[in-house]
Structure formats: structure tokens, C-alpha cells
Protein chains: 2
Amino acid sequence: MTAPAGTALIRDDLLERDRSDPLAPFRDRFRLPEGVIYLDGNSLGPPSMNIGTRIGALLADEWGSDLVASWNRHGWFRLPERVGTRLAPLLGAGGDEVIATDSVSVNLFKLLAALLRRPGPGRVVLAEDTNFPTDLYMAEGLVSLLRESGARLRLVPPADFEGALGPDVSVATLTQVDFRTGRKHDLRRLTALAREAGIPIVWDLSHSAGAFPLRLNDDRVEFAVGCGYKYLNGGPGAPGFLYVAREFQQSLDTPLSGWMGHRAPFDFETRYRPAAGMRRFLTGTPGILSMVALEEGLRTFDGVDMEALRAKSEELGNVFLRLADERLTGFGVEAVSPRGARERGSQVSLRHPDAYPVMQALIARGVVGDFREPDLLRFGFAPLYVRYADVWDAVETLRDVLACEEHRAPRFQHRDAVT
Amino acid sequence: MTAPAGTALIRDDLLERDRSDPLAPFRDRFRLPEGVIYLDGNSLGPPSMNIGTRIGALLADEWGSDLVASWNRHGWFRLPERVGTRLAPLLGAGGDEVIATDSVSVNLFKLLAALLRRPGPGRVVLAEDTNFPTDLYMAEGLVSLLRESGARLRLVPPADFEGALGPDVSVATLTQVDFRTGRKHDLRRLTALAREAGIPIVWDLSHSAGAFPLRLNDDRVEFAVGCGYKYLNGGPGAPGFLYVAREFQQSLDTPLSGWMGHRAPFDFETRYRPAAGMRRFLTGTPGILSMVALEEGLRTFDGVDMEALRAKSEELGNVFLRLADERLTGFGVEAVSPRGARERGSQVSLRHPDAYPVMQALIARGVVGDFREPDLLRFGFAPLYVRYADVWDAVETLRDVLACEEHRAPRFQHRDAVT
């Protein structure tokens, strides 16, 4: 029984949507604890059902049996490319344009440094002041290292970004989906705008990859980095990834030129010669446990129709916003994410003056989102395992918490180091 | 029945040594395949017996049950320090002077960059041209990034290193144990010599940590990095570590200033403020699977008398060299490692013109060492699991291979990407 348009939603409407959801079966691929509605896959995706078996085999049948020979015998040496090739279709990229390695932070440094050092008039790295801070910190570290040669970082409010694409800018960086608001940039339009100004953009796709389909090739995106542990379900601290469009790969030189990026690492030459293709963006020896876990996380996308994923992501957010309007009136809650689904990533944030204790109370009730300074309740909707009914139940739980002022209990006031 | 001095050793002598070896029981801590004599722990240490259980618990009871809350609940956030504190006693360092993160390559870049950027007349990074290449490549990448400000890399043969500690040198880097020959530097003497010249040395302890006891504090070592996957048994591509003597921690600023090194990462400030202490050397989110595996690897050292470890390491090498003398005469084998045990790490290398196929034939017989360009057979002696009788059996197998010219078989000529 679906409510007619204009009528308030009821839970049965959402159960009905779950029944007709083509992605519903994929939920079985995940190990999710009983009694938890997990709306924080935008911070850390859950493990796949198969993760224990796969990692167990890595430990026993690869490392434990073949020891160092596993580098060849079990393809460890090629894992960064293998994982990149598996990830590429989710990004709309060629299999030879993506590689998994290091962290988002380190990968961003590589690309910003490689681009900033190219000859040209610009010495400025441009970024939005609302960007996820690690991107800003890495850019700050880079320009401070290159201060003597005039490098500097310019941070502007998002509204001023386009106007700041001037001749003194050498390289810009943007995160596609804002970690606080979920606001989504138009990759294609901004990349084209910057290209006209002769400025490369390094996109951070941490909140994009796996949340909705990307078309990096079609959108003529040149450079990107991203995160493996959010929507890609790669495990805590999973390796990050880099994307470099084919035409730029051979002309870019990262200063983080470790031996795994060498053309012939086992020749042990004294001088660095970068590998052809994406391997030149590797540095040290990759962490194989984390790399295999990321590969396993990516398998949760096998056979997924990415357009269906995007449609569900948009609908989950739409339903959440609609229910917030219909059922949270008078509780001091305000939606801060865009109303238009095309302008959002796969998360919705609400503002509330007591956001921290409210989120603690929600978590205690089994609805796991997260808090972001200073007053945001953040909810991520990973379409592979979040159900429409979960959205209903999450909003109802939030309503209960606020109605009963549960969040005023002293036990919800203490702040952990990480939330 | 131990042979009297001057008499050739026999296998029974070595069985006797195993019976009286105080470290013999520790072998049971490792999962080692049947029929293999593993002399490549200097490349990749074996897994501990407990690794499957520990990682299984991480996947099921931490990530799989508590999801993102594990960052606090299971101490993931503090793992880099926790692992560092566990490692510190093996280094002779304070628990607050060591942290595990990133790779050796990336960590070396952090320290070299932080030291090179300090005010002073020197703009040169000094290194031995025989150093492990990734260290040279990272230094090359750093100085090429800073070329405009006069930075450059000077590579000298080991014999010229001390003489090259001149006023134009800003920072030097040395690997304590040479990866080819096993030759060991005197940390204390060289650190003091460089200090008199006003030059900090960043030591690479990749072939030292876990191979023999270190006394970084007593030896007044200021800066070091090292590897988790060799003698520390941390698993393939385990995180590396950094050591910075307490007095220098607050004055060093790495340009790889990621959010995990921020004083308050979850305040999401726009500007970077480094954390107090070693956390400032963190960059992105640490790979928790690899970090927990390293912690488990370090547990194999629980209760180990490091002086007994050093004594056994020296004796294993001595026995190997003596047996090579006594039993490999006439086969074209030449020892390239120092004869004096105090001048060696825990490995011995032999030169042979057919080193590559000889090592392949040895591996086919279950004696696993490795080959290093152009003509080296490399054997590592990890005292926690290598037995004296293993040394005998390895030399006998090598003798058999050479006597039968087994290595001339076509199947041993093909070179893998990694060996």
C-alpha cells in the first residue's frame, strides 16, 4: 500500500520499495551486526561475508605456505594494478588508469607535487576552504616545502572557487562530495572550466567512488585520488587509489619515487627511472593484507548495475529528507544537504544544536551515523546494504530520541577521540 | 659430540647446539611450512602461529561487529603508537620515540624533508651509492622537487662517506646493514662523527630491527626509519616505523602533514597544527589490518633475551661461513660478508657466477634464500626460528646442487619479476 502523492509516507510504503528493489539481494554479501542500522558506510564500509575466508587463505595458503615466493606465485607484486583494474569500471576509467596504493593523503601529495613542479607561471595551489582537511594539510605541507620557489596555497570559500581560477594558479584540488553537507560538484563542468584556464584539477573522489557511477573518461577528468574504506568496503585504513588519464601518465613525475615505482625495481639501480604507466605512482612495498581486503571489498560490486545503484542512492536520500520534513517538525532539526538528488552524494546531513549527544543516543539505539563538528548529524546511504525501511526506522528513532530528550542523559555528553 | 677446535664440523655438532639453544623454544611461535629451511626472513618474515586467530578476531569481533566504533572501542586510533611502544625495546628507544606508519620509503622522505628544510648552509643530502635503492630514489625525488632552492643528492662509495661529511651537507642517510653484503655500520661512532660536523643522520634500520639488539638512546642516535616485514615478522608490506629522539620531535615538521598527524584531527580545522610527539609523523588513515599483523609479528619477541638473540645470530653466521669454507671448496663460491661477526648483520652473502640459477635450484630443494644482482646468494639467519642444523643442511644442499650442476637445468634459468 503505497501512499498517494501528497500523503505522508508510512512504513509499509518503504517495505514495498524494499520488496521491489533490484539491489536488495546484494545486502547478503555483507556481514552486518544484528539490530544495527548502519548509516556510516561513508566513513567505514562493513566487511563482506567472504572477508574472513579470503584473508584466512592469504595468511595460511599464501604467506604461511609460500612465504616470500608469494610475491610472484600469488601475484602480490601486481596487486596494486589488479585492484586498480577492478576499481576502474566504477570510475568510468580504463583499467590501466587506476592503481591502489598508500593513503589518499599521500596520493594527493604525489599528484599535487607532480603538477605544481611543471614549468609555468602559476605557483598557487587552489582549494576550497571547506575541503576535507587532510587534503588542505597535504597541500599546505607541499607549498611550505616549496616556499622558497614561491609556492603558496590559496583557500577560498566554495562560492569563490570558479572566480579564483586565475593565471597564478598552477593546480587546483576539489573534493567532489563535501564531507559535511553532501553537496556534489559537477566534475565535467568544473574540469572543463579549469582546463580552459590551463589549470589541472586533482579530484578527491573519497565520497564518490562506489556511492554512484562515475564517468571519468567521458567527463574528461584528468587526475583523481580517492579512498578505499568508505563506499568501496575495503576495510579500515584500506589503501587509497590514484587515477591519471592515460595521456598524462608518462609526463608526470612524483617526488615520492619509491622502488615499487621504478621501471626495474629488482635491478637495484642507483638512479630512479619511473615505470611506464600507473606503477610510477607506487612508492614503498604495498601492504598486502590491506590490499587484499580492498580487493575483497570491491567484489561486493560484482554484477551491480551502477545506474540502479545511483537511482537507489538518490531515492534513499529523498525519502530521508521527506521523512525529516514530515516527522521531525518542531525538534530543531534542519536539513543542510541539497534537496535536489543530483546535487548530492549518497549522504544527508541534518543540523541540530545538540548534534553530538543526539548522535550518541542514536548510536546507543543501534542507528549508526556520525557527528561532524560543530552541529551536524551525518547519515550515509550505501545502496548495497541500506534498506528503505532502515531509513524509516532511523528517522523514527531520531524522532523518539528528540521527543524523549534522551540525548540529555550525561552518558551521551562525553566525546571520544574519534566518532 | 662436538668437534674439537681445528677439526671439521659435523652435523651432530649442530644438533648439539640446537639442544642447548635457549632460543630453540621460540621456533614454535611460527608457522613454517614442512620441508622448508627458511633463510629469507630478512626479506619477509614468516607468520606467527597466532596470526590467523588475531586477524580473524579483528575481522569478526572488531570491524564486523562494531564497525566504525572500533576506532575507539578497539583502540585502532592509537595503534600506530601502541605498535611503536611495543617495538621500542627492540630498538633501545623510549616508548614515546617510535611510531608505526606508512612505508620505509615514505617515512624516510618525511625525515629527510623535515631536516633538509631547516635553516643552514647545507643543501646536500649525502648517501652511500650502495644503499638500498628506495632510499636513494626517495632522496632523489626530494632534491629534484627542491632543485630551485639548490638541493642536491651526493652519492659516494662507502669508503668516501666519512670524508664527505662537509659543510655543504644538510642531512645524511645510511642503512646500518648493507642489503647485499650484510656489512654493518657502527651506529654510535658514525652518529657522533656526523654530529661533530653538525650533520644529522637518518638511519635505515630495515635489516637491523629484530635481527640484533639496538641501543638507539645509548648510542645517541637521533633519527631512524625501518621496516616491519623482515625480522619483525609483520607480514608482507607491513607498515614501516620512525624513530625520532625525544629532544627533536617538537622542532621537526614533515611536509607530509596528513590529518592523522594533526593535533586535533576531528576538529577538522582548516590549518595544520602538528600533534605533540610522534603522532605528527602520521599522514593518512593507517591500514588497520596490516598494523594489527605487525603488532602480532612483534609479539614473537615477547620474553626474548635480545643478547641471546644477538649471540645466536652471530654464531649462525659464523657456522655458515665456516661450513662454506670447509665444504664448498672448489665450487667457485666466495664469501662477501665480513668474517667478523660484529661487523655483520644477521645475513651472509656468497658470490657465485651462476647465482641466479643456483638459488632457484636451492629453492626447488626447499632451501629458501634469495638472489641479489648480479651474482649474490643471500642467506638470512633469523635466530627465533632458524636452527643450527638448518645451516648444516642448507650448506649441504648447496654443495649437492653445485656438485651435480643441478642449476644448469633449463627450468632454473627463467627470471621471475621478484625473487
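Chain A can be laid on chain B with an RMSD of 0.0 Å by a turn of 180 degrees and a shift of 0.0 Å along the axis, where copies are superposed by least squares on the C-alpha atoms of residues with pLDDT of at least 70 in both. That is the relation of a two-fold axis, and the same surface serves both copies, since 100% of the contact residues of chain A recur in chain B (contact means heavy atoms within 4.5 Å). This is a predicted model, in which local features need pLDDT of at least 70 and side-chain atom pairs count only at pLDDT 80 or more, while totals for chains, interfaces and linings use all residues. Residues are numbered from 1 along each chain as its sequence is written, chains are lettered from A and ligands numbered from 1 in the order in which they are written, and side-chain values use heavy atoms, with hydrogens and water left out.

**Helix packing in chain B**
- Helix α10 (residues 306-327) and helix α12 (residues 388-404) of chain B pack at an angle of about 30 degrees, with their axes 10 Å apart.
- The residues making this contact include B:L316, B:F320 and B:L323 of α10(B), together with B:V391, B:W392 and B:V395 of α12(B).

**Cysteines**
- Over all chains, a search of the whole structure finds zero disulfides, a disulfide being a pair of cysteine sulfur atoms within 2.5 Å.
- B:C227 is buried, with a relative accessible area of 2%, whereas B:C404 is exposed, with a relative accessible area of 53% (buried means under 20%, exposed over 50%, partly exposed in between, with a 1.4 Å probe and protein chains only).

Note on methods:
Axes fitted to C-alpha atoms, helices over the stretch in contact; angles between N-to-C directions. Helix = DSSP H or I, 4+ residues; strand = E, 2+ residues; numbered from the N terminus.
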